[in-house]
Amino acid sequence: IVSADDACNAFYSPHPASCGVGLFHDYEGQITEQPAWMVMGAINLAGVTPTERGYEIAPHLARFSLRLPDVGVAASPGCVRGYVRPQRGGSLRLSVRLPGAAPRRRPAVWAGGRRVRARFRGRTVSFSLRTARGRAGDWAVGCGG
């Protein structure tokens, strides 16, 4: 249960279950903002933003890896790869921004293990990824597949 008030004690408090402002004594809950914001911060650094048709992926770091149950992104020089595990299947539109300078050559783009056509605009690559409900759909830009 997540309570809506922000008056809960921190995890290091002598009484971490003590939650609330004293108005209600028959309701217990726990604030999850601190751990939730750490995860949200990691997703933000990975640059994952859901859109109406899919995802925008714009990593803020040139070298990193983030693996969560429903989304993952890894970047290294000249390579960004990842996966999404959608709640329902279908075609997703991914827009991936490569970290660093725009590549001199257009990198290979892979979706679901196959090389696919993509649109390039500077450092941003857009392409479609076919997905199945609950299954990870893999993608890669400039990584060799």
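**Aromatic pair, core and open sheet**

Student: What makes Val141 a residue with contacts in this predicted model?

Tutor: Contact requires heavy atoms within 4.5 Å. Not counting residues up to four places away in sequence, Val141 touches Gly78, Cys79, Val80, Val96, Leu98, Pro107, Ala108, Val109, Val125 and Phe127. The model is predicted, so local features need pLDDT of at least 70 and side-chain atom pairs pLDDT 80 or more, while totals for chains, interfaces and linings use all residues. Residues are numbered from 1 along each chain as its sequence is written, and side-chain values use heavy atoms, leaving out hydrogens and water.

Student: Why is the pair of Phe127 and Trp139 called tilted?

Tutor: Rings of Phe, Tyr and Trp (its six-membered ring) pair if their centres lie within 6.5 Å; planes under 30 degrees apart count as stacked, over 60 as edge-to-face and the rest as tilted. Here the centres are 6.4 Å apart and the planes stand at 50°, so the pair is tilted. The structure holds one aromatic pair.

Student: Why does Phe127 count as buried?

Tutor: Buried means under 20% relative accessible area, exposed over 50%, and partly exposed in between (1.4 Å probe, protein chains only). Phe127 has 0% relative accessibility and therefore counts as buried. Trp139, at 3%, is buried.

Student: Why is one side of β1 and of β9 left without a neighbour in the sheet?

Tutor: Two strands (DSSP E runs of at least two residues, numbered from the N terminus) pair if DSSP finds at least two bridges between them. The open sheet has the order β1-β2-β6-β10-β9. β1 (48-50) and β9 (119-121) stand at the edges with a single partner strand each, so one side of each lacks a neighbour in the sheet.

How values were computed:
Helix = DSSP H or I, 4+ residues; strand = E, 2+ residues; numbered from the N terminus.
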